[in-house]
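Biologist: I am new to reading structures. Could we go through this one by question and answer?

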Amino acid sequence: MIEVSNLGKVFPDGTRALSGVNVSVPDGDFIAVIGLSGAGKSTFLRCLNRLVDPSEGSITVGSKDVARLRGRQLQHYRRTVGFIFQQFNLVQRLSVLDNVLSGRLGYHPTWRGLLALYTEADKELAMSAIREVGLSGKEDARVDQLSGGQQQRVAIARAMAQEPQLILADEPMASLDPRLSDVILGILRSYNETKGVTVLVNIHVLDLAKRYAKRVLAFNKGKLVFDGPVSSLDDDLETRIYAGSLEAL
Ligand SMILES: Nc1ncnc2c1ncn2[C@@H]1O[C@H](COP(=O)(O)OP(=O)(O)O)[C@@H](O)[C@H]1O
Ligand SMILES: [Mg+2]
């Protein structure tokens with residue numbers, strides 16, 4: 001369960017990216033986060049795993065007060081949250097397997113990580129994640145030899161290898177050929193359905209959000225302006241979401 005209450009973010013240069021955001025997410029939800037560029041979608045996701053420190057409000061995940069975690073506790077929290085970036089964020093000259101194994105790093109002391117001393121159990125998890133994203137046989141390929149779509153699948157496998165309680169994906173198909181959107185979102189949805197892991201995905205293509213998510217959160221100028229089932233979206237509501245004519249929730 002995620003409880004976000006009165007979340008706000010002001011960046012050091014004075015830009016206000018989020019204000020007064022209240023959301024509660026039960027375990028196992030699959031949520032699309034929509035809104036125009038600059039609406040605050042990335043900042044919202046980044047606050048949830050503390051890539052960005054919130055300025056106001058609180059975020060509770062399970063029993064953890066995420067906004068206040070420090071040091072080792074923050075590291076322990078982060079290893080349970082898989083984050084998928086638009087630009088994949090892989091180590092290009094390493095193999096698929098090594099990139100996926102790095103999802104296990106948070107579970108080991110730093111020195112083991114530096115020496116790449118992974119356990120057999122780590123390797124099994126990594127291999128099964130690679131299978132799950134359809135890349136069996138590519139374990140030893142260097143990431144820089146793969147297509148963009150394959151690289152994003154490696155990034156998803158790395159997140160799965162973390163055995164996350166939560167997956168956050170920030171426009172994971174935005175830098176890919178549109179035809180690959182269904183592959184990426186299909187993998188995330190089937191992971192959500194089979195493992196019951198909560199998924200929040202920023203999607204700027206509304207049609208995709210509607211096809212994959214059960215629930216939609218819409219941001220406009222840093223405010224949450226819609227939170228409800230996909231089925232309640234219609235043309236009028238969609239126009240108002242993007243036009244910014246809805247009141248903040
Ligand atoms: N590091 C930053 N420093 C200052 N302003 C930022 C920073 N990151 C994002 N912003 C601003 O915060 C607002 C929300 O950005 P963002 O969360 O990236 O929106 P979205 O993902 O919906 O496009 C925008 O005005 C953006 O320019
Ligand atoms: Mg963004």
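Biologist: In E4, which residue is the bridge partner of valine 4?
Modeller: Helices (H or I, at least four residues) and strands (E, at least two) are DSSP runs, numbered from the N terminus. Strand E1 (residues 2-10) and strand E4 (residues 56-61) run antiparallel, joined by five bridges. Across from valine 4, the bridge partner in E4 is isoleucine 59.

Biologist: Which pLDDT do local features need here?
Modeller: Residues are numbered from 1 along each chain as its sequence is written, chains are lettered from A and ligands numbered from 1 in the order in which they are written, and side-chain values use heavy atoms, without hydrogens and water. This is a predicted model: totals for chains, interfaces and linings use all residues, side-chain atom pairs count only at pLDDT 80 or more, and local features need pLDDT of at least 70.

Biologist: What is the order of the open sheet of four strands?
Modeller: Two strands pair if DSSP finds at least two bridges between them. Strand E2 (16-25) and strand E5 (64-65) each pair on one side only, as edge strands. The pairing in this open sheet is antiparallel, and the order is E2-E1-E4-E5.

Biologist: In E5, which residue is the bridge partner of threonine 60?
Modeller: Threonine 60 is in E4 and stands opposite glutamate 3. E4 also runs antiparallel to E5, with two bridges joining them. In E5, the partner of threonine 60 is aspartate 65.

Biologist: Which residue takes a positive phi in the hairpin of E4 and E5?
Modeller: This hairpin has two residues between the strands. The phi in question is near 60 degrees, and the residue that takes it is glycine 62.

Biologist: How many residues of strand E8 are buried?
Modeller: Buried means under 20% relative accessible area, exposed over 50% and partly exposed in between (1.4 Å probe, protein chains only). In a regular strand the side chains alternate between the two faces of the sheet. In E8, Thr198, Leu200 and Asn202 are covered on one side, and Val199 and Val201 on the other. Strand E8 (residues 198-202) is mostly covered, and the buried residues number five of its five.

Biologist: In E8, which residue is the bridge partner of valine 33?
Modeller: Strand E3 (residues 30-34) runs parallel to E8, and four bridges join them. Strand E7 (residues 166-170) also runs parallel to E8, through five bridges. Aspartate 170 stands opposite asparagine 202 in E8. The partner of valine 33 is asparagine 202.

Biologist: Which helix gives the most to the shell around ligand 1?
Modeller: A residue is near a molecule or strand if one of its heavy atoms lies within 4 Å of it. Ligand 1 is surrounded by residues including Phe11, Asp13, Lys41, Ser42 and Thr43. The shell divides into four nonpolar, six polar and two charged residues; Ala, Val, Leu, Ile, Met, Phe, Trp, Tyr, Cys and Pro count as nonpolar, Asp, Glu, Lys and Arg as charged, and the others, Gly among them, as polar. With three residues, the helix that gives the most is H1 (residues 41-48).

Biologist: How far is a polar side-chain atom of threonine 43 from an oxygen atom of ligand 1?
Modeller: A polar contact is a pair of N or O atoms within 3.5 Å; within protein, one must be able to donate a hydrogen and the other to accept it, and residues adjacent in sequence count only if both atoms are side-chain atoms. A polar backbone atom of glycine 38 is 2.6 Å from a ligand 1 oxygen. For a polar backbone atom of alanine 39, the distance to a ligand oxygen is 3.2 Å. For the side chain of threonine 43, it is 2.5 Å.

Biologist: Is serine 181 buried or exposed?
Modeller: Serine 181 lies in helix H7 (residues 181-195). The side chain of serine 181 reaches the backbone oxygen of proline 178 at 3.0 Å. The relative accessibility of serine 181 is 6%, so this residue counts as buried.

Biologist: What is the radius of gyration of the chain?
Modeller: The chain has nine helices and ten strands. The chain is as compact as a globular protein of its 249 residues, because its radius of gyration is close to the 18 Å of the globule rule. That radius is taken over C-alpha atoms, and the rule is 2.2 Å times the number of residues to the power 0.38. The chain's own radius is 18 Å.
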